Each structure stands twice: as C-alpha cells, then as structure tokens.
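Me: I'd like to learn how to read a fold from the model itself. Can you walk me through it, feature by feature?

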Amino acid sequence: MGQLFSSLWATLFPSSRTYRLVLVGLDNAGKTTILYRLHLGQAVETHPTVGCNVESWSHRNLAFEVWDLGGQANLRPSWATYYRGTDAAVVVVDCTDRARIGIVKSEVGALLGHEHLAGAAVLVFANKQDCAGAMGPAELTTALGLDAVRRQAWHVQGCCGLTGEGLVEGLEWVSQRVAHLPPAPVGGVAPAVAPAAPAPAPAAAAPATAGTPAPTSTA
Ligand code: GDP
C-alpha cells in the first residue's frame with residue numbers, strides 16, 4: 001500500500017528540482033540534531049552551529065537542500081541573507097526554553113514579515129516534547145501568535161529530535177506544500193511561490209508527540 005502511494009505521488013508530482021529550505025531557531029533549539037536525524041536517520045553529538053551547515057534531505061521523490069543557520073544572537077541578523085529563493089522555512093523551537101520564547105516570537109515575526117519568504121511554507125518544529133514541562137504545539141502556537149498569520153501557510157509539529165518522533169510528519173507537510181511549486185528557472189535560484197499560487201489543503205493534522213494537537217494554518 002505504501003509502495004503504491006509512493007508511486008502515485010511520484011506520478012502526480014514528478015521531481016523537477018531541488019527545493020530550498022532554511023532551518024532556523026535559537027541556539028540549542030535542536031536544529032543540528034534534527035538536520036542530521038533526517039539526513040542520517042540517527043542522532044549525532046552536536047556542537048552549536050557556527051555559521052551554517054548545508055545538508056540534503058529527500059522525502060518521497062522530492063530533494064531538499066537544507067541550510068542550517070546558526071542560532072546564536074550574533075548570527076541571527078544574517079539569517080535573512082539566505083532567504084532569497086527559499087521554498088520553505090523550518091523553525092525549530094526548544095519547547096522547554098520558556099525564558100526565551102519572547103525572543104523566538106520576535107525572530108519568527110521578522111521571518112514571516114520578510115519579503116523573500118512571503119510565499120514560503122513555514123513549518124515550526126515544537127521540539128523536545130520528551131521533556132517534562134515542554135510547551136505543546138497548541139501552547140507554542142499561541143505563544144508565537146501564529147493564529148493571526150495569514151500571509152504564509154504554516155504548521156506546528158510536535159517532535160523529539162533525539163528519537164525522531166514527529167520529524168517525518170513535519171517533512172510530509174512541507175512536501176505537500178512545495179510539491180506544487182513551478183520548476184526553478186534555468187540558471188537561477190528557485191523563486192519562492194507567490195502567495196496566490198495553488199496549493200493543497202493543509203495536511204490532515206498529523207498526530208503530534210504525546211497525543212497533543214498539531215495546529216495547522218488555514219492559509
Ligand atoms: P542547535 O544549536 O539548534 O543546533 O541545537 P543542537 O542540535 O546542537 O541541540 C542542542 C542540545 O539539545 C543537544 O544537547 C541535543 O542533544 C539536545 N536535543 C536536541 N533535540 C532534543 C530533543 O528532542 N529532546 C531532548 N531532550 N534533547 C534534545
């Protein structure tokens with residue numbers, strides 16, 4: 001059945017190009033853990049990202065080029081320099097870090113307001129759901145003020161970077177959003193999709209970690 005679905009997907013959405021993703025979040029959010037978990041299928045020992053890492057992910061027949069941007073305060077201002085041509089932004093949040101949620105909200109607000117991400121799909125990984133006291137996806141959605149966001153399609157996915165729980169569900173949502181984008185122009189970077197471009201209805205709410213709801217946007 002899974003094989004049949006994959007074949008059907010490949011027929012409906014023939015892979016025409018590599019999709020560009022930026023992976024952002026404060027330092028210690030779990031970006032690098034998630035990056036390598038989805039790339040290698042295993043957790044790795046990480047060190048704070050200095051500058052950026054670039055890795056490739058594949059899901060179904062889609063290829064992604066993933067830019068993992070350093071999350072330390074002095075590196076965050078440079079995130080926007082990587083936004084041009086981005087198809088999807090993946091924001092990783094340490095849901096145990098309530099002290100810095102205001103900073104996360106501010107950074108996410110800047111990301112959502114950036115002209116080069118006007119049509120990008122925005123996935124928020126509510127990470128560290130294995131930790132006691134972690135904010136769940138619904139609480140994080142409220143804390144970031146996402147319910148008011150209409151400009152982009154967005155989705156909050158509960159996950160655990162260490163075990164990988166919830167990561168494929170998040171990638172599945174991104175895949176469904178970007179699979180309809182037009183091919184990249186020859187000799188140039190892929191443009192972010194225009195806000196009015198046809199897109200599928202948001203994926204049915206994927207089960208979030210620990211039985212918590214996985215809010216999704218109506219954009
Ligand atoms: P980055 O600075 O955003 O790249 O964060 P890292 O990927 O380096 O992770 C920071 C720390 O959080 C590391 O000690 C990871 O092992 C840990 N970590 C990442 N994801 C999870 C998770 O889902 N649960 C728990 N408990 N720890 C995690």
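Me: In what sense do β1 and β3 pair, and over how many bridges?

Reply: Strands here are DSSP runs of E with at least two residues, helices are runs of H or I with at least four residues, and both are numbered from the N terminus. Two strands pair if DSSP finds at least two bridges between them. In this case β1 and β3 run parallel, with six bridges; Thr18, for one, has Ala63 in β3 as its bridge partner. Keep in mind that this is a predicted model, where local features need pLDDT of at least 70, side-chain atom pairs count only at pLDDT 80 or more, and totals for chains, interfaces and linings use all residues. Residues are numbered from 1 along each chain as its sequence is written.

Me: What does β3 do with strand β2?

Reply: Strand β2 (residues 52-59) pairs with β3 in the antiparallel sense, over eight bridges, and Val54 sits opposite Trp67 of β3. The two strands make a hairpin with two residues between them, and Arg60 in that turn has a positive phi of about 55°.

Me: Where do these strands sit in the sheet, and which strands are at the edges?

Reply: The sheet is open, has six strands with mixed pairing, and reads β2-β3-β1-β4-β5-β6. β2 and β6 (154-158) are the edge strands, each pairing on one side only. From one strand to the next, the twist averages 25°; for angles, axes are lines fitted to C-alpha atoms (for helices, over the stretch in contact), and values run from 0 to 180 degrees between N-to-C directions.

Me: Why is β3 described as largely enclosed?

Reply: Count C-beta atoms, placed from the backbone: 20 or more others within 10 Å means buried, 12 or fewer means exposed, and in between is partly exposed. Six of the eight residues of β3 (residues 62-69) are buried, so the rest of the structure largely encloses this strand. Arg17, in the loop between α1 (2-12) and β1 (18-24), counts as partly exposed because it has 16 C-beta neighbours inside 10 Å.

Me: And how should I read a helix, say α5?

Reply: Start with its span: the expected value is 1.5 Å times one less than the number of residues. Helix α5 (residues 167-178) has twelve residues and reaches 17 Å from first C-alpha to last, close to the 16 Å expected. Then check burial: α5 is mostly covered, with ten of its twelve residues buried, including Leu167, Trp173 and Val178.
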